[in-house]
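Here is a briefing for a reader who is new to this structure. Look at the sequence and the model first, then read on.

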Amino acid sequence: MSADIPYKDALSIAALIREREISALEATEAFLARIEEVEPRVHAYINLAAERARDSAAGIDRMLQKGQALLQHRYAGVPIAIKDVLSTKGFTTTCGSRILENFVPVYDATAVERVSEAGTVMLGKANMDEFAMGSSTENSYFGPTSNPWDLERVPGGSSGGSAAAVAAGEAPWALGSDTGGSIRQPAALCGIVGMKPTYGLVSRYGLVAFASSLDQVGPMTLNVPDCAALLGVIAGHDPRDSTSIQQPPMDYLGSLSSEVRGMKAGVVRELSSEGIEPGVLDSFKRAVEVLEGLGVSCEEVSLPSFSYGLSAYYLIAPAEASSNLARFDGVRYGFRTDAEVDDIWEMYDRTRAEGFGPEVKRRIMLGTYALSAGYYDAYYAQAQKIRTLIVRDYGRAWESYDVLVSPTSPSVAFRLGEKTADPLSMYLSDICTIPVNLAGIPALSLPCGLSEGLPVGFQVMGPPLAEQKLLDIAYALEQALGFDALPPVASAGEVA
Amino acid sequence: MAVSIEDVEHVAKLARLHLTGEEKETIRRQLSDVLEHARVISEVDTSGVPPTSHALPLVNVYREDEARPSLDPDEVVSNAAWAVEHSFKVPRIL
């Protein structure tokens with residue numbers, strides 16, 4: 001029985017536990033066994049929380065036995081992986097960085113608090129690019145994660161550990177964060193569902209900041225109903241985040257409907273032509289035809305400002321990062337250099353040089369440059385005006401379309417090491433996902449097929465707070481496509 | 001957009017980052033590449049377009065000013081590399 005539990009979706013596991021078919025501890029043990037089996041090959045986690053997970057699952061079982069499960073424990077006993085960018089009280093939170101290698105938060109992030117209140121059991125902290133800067137998880141201080149579909153390839157990033165954990169059956173649910181595509185792109189490359197909610201829908205309290213005007217926490221799951229359920233757990237107003245939206249709680253799962261006939265979808269020309277791999281484009285176009293078969297009218301639409309999205313993003317995000325990361329100075333928390341220093345300034349310079357990896361240094365330098373006297377107007381201010389043009393292009397599109405669609409990533413998973421020497425080629429991996437963050441709108445990626453045996457992601461974008469519409473379209477498409485392929489790591493024994 | 005080694009050294013000083021000679025040269029080259037790619041945005045006519053710093057039209061979000069317990073001082077210093085009692089210790093400042 002327990003060997004069958006990994007790859008069951010979170011809602012099925014919740015139902016099995018609720019109906020007492022299995023205990024919460026059995027569910028946790030099944031995933032810990034699965035982790036032990038595949039983790040040496042996948043490396044989805046930075047730190048495992050095995051003992052803590054067993055204790056917490058046993059506690060849930062005791063409550064269930066006494067009939068004390070509270071109404072709020074909707075998903076009692078469901079295991080979950082948490083991206084290591086979210087603070088977990090009393091459990092190391094590294095952000096994939098040496099500078100936070102031994103950092104133990106003294107409070108939980110709101111999203112962590114909410115999944116915990118729902119009764120879920122944290123299995124561990126998932127691997128990521130250092131400070132969420134990257135598209136391959138190769139920038140982690142703790143080593144890269146492998147894609148469960150092909151261990152020689154990247155899982156995408158920066159939430160690559162979360163995506164690989166779900167794809168490899170090492171967790172049914174995961175939380176990620178998305179600043180320029182960091183949930184959707186790894187979801188696409190690992191063949192799972194990932195959603196970036198509207199900016200402000202999920203609290204950023206306790207999320208280690210990368211680019212504060214773009215960052216958003218979101219669900220990474222095996223299928224669309226699981227995604228709707230997890231979004232329902234983490235969404236909602238939080239007075240501790242001043243950018244949190246005042247929005248009444250929504251029951252995304254309860255409202256989920258595959259009745260999408262009559263909706264209108266725009267296929268974004270700028271994101272589905274040049275620079276997209278032919279295999280990805282084929283798979284995407286077939287999915288568009290399936291969508292039309294469901295009664296959704298699809299036509300091409302041009303959003304010209306999107307051509308400038310990548311350039312604007314790679315000025316705005318590093319600028320915000322250079323400011324946010326100024327807090328890592330070796331004084332209040334985190335690593336401090338052991339070098340002999342003459343004064344505090346040298347301590348700062350050395351601590352940051354030894355504590356940050358190459359990509360983080362590059363972004364701090366790029367951001368500081370873009371904000372520095374003489375270059376501010378040409379780069380940062382101009383990028384912010386481009387951002388306005390992108391917001392306006394989307395606004396015009398919503399007058400005619402319910403949703404916009406595109407491939408999630410211009411390519412399938414690339415090889416480990418293929419893009420590490422050329423940062424610009426790595427940045428281009430985010431070309432389809434970035435405009436969404438700049439405009440603060442919601443978007444979701446779901447698997448739409450395979451190209452060369454690797455998953456292809458289909459991106460659905462919508463107006464602010466249109467999460468339900470995105471989930472409905474994705475749910476209808478998911479059922480019509482019937483994508484149920486599992487990665488080779490699912491059945492493979494030891495590597496030959 | 002060619003970035004000079006002097007630019008890199010100036011920016012590294014602003015960013016409080018010690019860089020080796022080799023790092024300076026790598027970053028100089030990579031910064032030049034990215035800024036060259038970003039040059040396309042300077043060709044866009046944005047006259048009369050206001051900047052967007054934030055996607056949500058939020059202004060002055062207030063909440064009730066309620067007293068709540070703060071963190072325990074032991075916890076506050078628990079992650080410091082060097083703390084003495086409830087103070088952070090740092091090298092010479094002046």
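Predicted model: local features only at pLDDT ≥ 70, side-chain atom pairs only at ≥ 80, totals over all residues.

Residues are numbered from 1 along each chain as its sequence is written, chains are lettered from A and ligands numbered from 1 in the order in which they are written, and side-chain values use heavy atoms, with hydrogens and water left out.

**The interface of chain B and chain A**

- Chain B places 51 residues in contact with 61 residues of chain A. Contact here means heavy atoms within 4.5 Å.
- The two chains bury about 5100 Å² between them. Of this area, 67% is on carbon and sulfur atoms. Buried area is the accessible area (1.4 Å probe) that two parts lose on being put together, summed over both.
- B:Arg16, B:Ile41 and B:Asn79 supply 14% of the area that chain B buries against chain A, more than any other three residues.
- The rule finds 2 salt bridges across the interface of chain B and chain A. A salt bridge is a side-chain nitrogen of Lys or Arg within 4 Å of a carboxyl oxygen of Asp or Glu.
- B:Arg16 forms a salt bridge with A:Asp349. Their closest N and O atoms are 3.2 Å apart.
- Between chain B and chain A, 20 residue pairs are in polar contact, both residues being at pLDDT 80 or more. A polar contact is a pair of N or O atoms within 3.5 Å; within protein, one must be able to donate a hydrogen and the other to accept it, and residues adjacent in sequence count only if both atoms are side-chain atoms.
- Helix 1 (5-14), helix 2 (21-38) and helix 3 (73-76) of chain B each supply at least two residues of the side that touches chain A. Helix 2 of chain B gives the most, with 9 residues. Helices (H or I, at least four residues) and strands (E, at least two) are DSSP runs, numbered from the N terminus.
- By class, the side of chain B that touches chain A has 33 nonpolar, 10 polar and 8 charged residues. Ala, Val, Leu, Ile, Met, Phe, Trp, Tyr, Cys and Pro count as nonpolar, Asp, Glu, Lys and Arg as charged, and the others, Gly among them, as polar.

**Two residues of chain B**

- B:Thr46 is in the loop between helix 2 and helix 3 of chain B.
- B:Thr46 is buried, with a relative accessible area of 8%. Buried means under 20% relative accessible area, exposed over 50%, partly exposed in between (1.4 Å probe, protein chains only).
- The side chains of B:Thr46 and A:Gln382 are joined by a polar contact of 2.8 Å. Not counting residues up to four places away in sequence, B:Thr46 touches A:Gln382, A:Lys385, A:Ile386 and A:Leu389.
- B:Gly21 is in helix 2 of chain B. B:Gly21 is exposed, at 55% relative accessible area.

**Helix 3 of chain A**

- Helix 3 (residues 50-65) of chain A has 16 residues, which at 1.5 Å a residue should span 22 Å. The end C-alpha atoms are 22 Å apart, which agrees. The expected span is 1.5 Å times one less than the number of residues.
- Buried residues of this helix include A:Ala53, A:Ile60 and A:Leu64.
- The buried residues of helix 3 pack against helix 1 (10-18), helix 2 (24-42) and strand 3 (121-126) of chain A.
- Just after helix 3 of chain A, A:Gly67 takes a positive phi of about 70 degrees.

**Salt bridges over all chains**

- The count comes to 20 salt bridges over all chains.
- A:Arg184 forms a salt bridge with A:Asp178, with the closest N and O atoms 2.9 Å apart. A:Arg184 is buried at 0%, and A:Asp178 counts as buried at 0% relative accessibility.
- A:Glu359 forms a salt bridge with A:Arg363, with the closest N and O atoms 2.7 Å apart. Both lie in helix 11 (residues 358-371) of chain A, 4 residues apart.
- B:Glu25 forms a salt bridge with B:Arg28, with the closest N and O atoms 3.1 Å apart. Both lie in helix 2 of chain B, 3 residues apart, about one turn of the helix.
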